[in-house]
Amino acid sequence: SILAQNGRSRRPHQHFFALCTSRFCIPTAIMQAMDRSIPDALRPYQQKLTPRFFEVREKVLDYVEQVVNPALSTVKAQKDELLKTVDHPTKCPQPPIYKELRAQAKARGIMNLFLPEVCKLSVLEYSPIAEILGMNPVANECMNCAAPDTGNMEVLEQFGSAEQKKQWLEPLLNGEIRSAFAMTEPGVASSDATNICTRIERDGDEYVINGHKWWITGAIRPECKVFILLGRTSFSGPLHKQQSMILVPRDAPGVNILRPLAVFGDERDDAEIIFDNVRVPCSNMILGEGRGFEIAQGRLGPGRIHHCMRSLGTAELALASMVDRVHRRKAFGKILAEKDMIRTAIAEARIEITKCRQLCYLAAVMADEKGFKAAKSYIAMIKVAAPRAALKIIDEAIQVHGAHGVSQDSRLPGMYTQMRTLRVADGPDTVHLITIAREELAKGGGEIGQKISGLNENVAKYGKFSHVEGGALYVTGKKQAAKL
């Protein structure tokens with residue numbers, strides 16, 4: 001196969017398989033997010049927490065500790081055996097025990113908790129649960145709360161037709177199949193979605209799709225059966241009405257997976273794909289032509305908060321590894337835990353996690369009370385802050401571990417790769433920083449801002465700059481603010 005030809009037969013993501021072994025299981029008692037009592041960070045929001053939240057959180061903790069953790073060694077053993085049966089590691093199917101773990105999650109009523117219609121929780125209430133799942137990737141997957149399926153299921157739940165829900169949403173919700181989201185393209189700057197140029201052209205009762213996508217997460221795994229593809233049904237008219245989303249079966253003629261893409265040289269289940277005259281029925285169009293941006297806003301808002309809370313779960317693991325290591329290493333006559341620089345790094349990590357967690361909760365509360373549009377600047381803030389903070393903490397943990405921290409015996413290298421990738425997923429930091437800055441600049445400085453900034457009164461008095469913007473730019477700045 002093309003994958004076997006282009007790819008090197010290596011074990012991608014040693015950390016992924018390592019995390020499934022019991023020796024890498026973090027003692028949950030030391031993790032406040034896993035504490036049976038309410039975490040300190042949630043105390044300011046106690047009045048917003050319903051009895052349903054405490055019930056669901058308790059069930060998730062029981063599931064992780066009583067079902068998933070004892071099964072991790074079996075997951076590892078089964079994965080190792082399955083790797084021997086495929087010509088490329090990205091084609092490795094899920095361990096059979098996943099079916100049993102999903103059945104347990106379903107029996108406990110904790111499948112698909114990311115969907116408000118299922119969990120009956122607010123965005124705020126789901127956020128600390130997402131952090132727990134960030135610490136427990138196997139639980140996250142077996143509870144059917146893993147991206148990109150979560151976003152795709154949200155799209156189908158909110159915007160899908162009855163036929164689309166029956167054919168694709170039901171098996172996705174049951175964990176019977178997986179999916180992928182096909183947006184990013186190698187020939188354009190895809191962080192600006194108006195650049196997307198895959199053609200979706202109507203031909204009778206079908207749409208014909210022609211395009212080139214890459215970094216399509218989850219597209220290679222055998223469980224993936226369908227893509228939600230973002231393309232253009234029009235190249236004229238209002239810019240934000242040209243894009244559409246459409247369902248494309250992975251086995252449709254003309255879908256050609258070229259290769260798995262590598263992050264830092266490590267090949268992953270992120271595919272480069274050619275769509276060559278792919279035909280799908282018109283009934284596969286989601287919501288209607290030109291509704292792609294409208295759908296995307298519904299898909300990305302909650303997903304970004306979930307991503308960020310899972311990032312903080314990962315950061316907690318990195319901090320726990322740091323604390324463990326410094327108690328077991330001695331250098332230059334002292335246990336590392338006694339050294340001021342080490343203590344400073346640990347303290348800074350705790351401060352960053354705590355700050356980002358509160359910012360996540362603020363974004364969640366804004367989304368709950370005012371909607372995702374009103375919360376967009378807060379979501380943009382946390383999309384920058386949480387992965388950036390988590391990455392720095394992982395990097396500090398690697399520094400503390402020395403050479404061991406970049407070896408296959410540690411989970412830290414895989415965590416670093418994952419977190420660095422997340423900083424460009426859903427758009428690089430710059431895109432979100434622009435969103436934040438645009439809202440701030442649109443406010444103008446106001447009277448208070450001008451008083452604090454101060455003016456050189458001699459500029460107006462002597463009038464030597466009156467020919468520059470009519471003198472208004474320096475004195476008031478109103479014209480420039482109006483342009484924003």
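**Entry 1: ground rule**

I count a salt bridge when a side-chain nitrogen of Lys or Arg lies within 4 Å of a carboxyl oxygen of Asp or Glu. With that settled, I opened the structure, which is a predicted model.

**Entry 2: a pair in α3**

My opening stop was E55 and K59, whose side chains form a salt bridge with N and O 3.3 Å apart. How many residues separate E55 and K59 in helix α3? I found four, so about one helical turn lies between the two.

**Entry 3: the whole protein**

I stepped back for the overview. I noted 18 helices and nine strands in the protein. There are 484 residues, and buried ones make up 51% of them. For the accessible surface I wrote down about 22,800 Å², with 54% of it belonging to carbon and sulfur atoms. I also checked how far along the chain the contacts reach. Taking contacts with a separation of 6 or more, I see that 73% join residues 24 or more positions apart.

**Entry 4: more salt bridges**

The total for the structure is 30 salt bridges. I picked out R36 and E65, which meet through their side chains at 2.9 Å, N to O. Where do R36 and E65 sit? R36 is in the loop between α2 (14-18) and α3 (51-83), while E65 belongs to helix α3. The two are 29 residues apart, and the pair links distant parts of the chain. R36 is partly exposed, with a relative accessible area of 33%, and E65 is partly exposed too, at 28%.

Next I went to R268, which forms a salt bridge with D270; their closest N and O atoms are 3.0 Å apart. Are R268 and D270 buried or exposed? Both turned out to be buried.

**Entry 5: strand β5**

I moved on to β5, residues 243-249. Seven of its seven residues are buried, so the strand is largely enclosed by the rest of the structure. I sorted the residues by face. On one side I have Q243, M245, L247 and P249, on the other S244, I246 and V248, and all of them are buried, so both faces of β5 are covered.

Which way does strand β4 pair with β5? I found β4 (residues 224-232) and β5 antiparallel, with seven bridges between them. To get my bearings in this pairing, I marked R232, which stands opposite Q243 in β5.

**Entry 6: cysteines**

I finished with the sulfur atoms. A disulfide is a covalent bond between the sulfur atoms of two cysteines. My cut-off for calling one is a sulfur-to-sulfur distance within 2.5 Å, and the count by this rule is zero.

Technical notes: Residues numbered from 1 in each chain as written. Predicted model: local features only at pLDDT ≥ 70, side-chain atom pairs only at ≥ 80, totals over all residues. Heavy atoms only, no water. Buried < 20%, exposed > 50% of the residue type's maximum accessible area, 1.4 Å probe, protein only. Contact = heavy atoms within 4.5 Å. Areas by Shrake-Rupley, 256 points an atom, 1.4 Å probe, with all protein chains shown as cover. Pairing = 2+ DSSP bridges.
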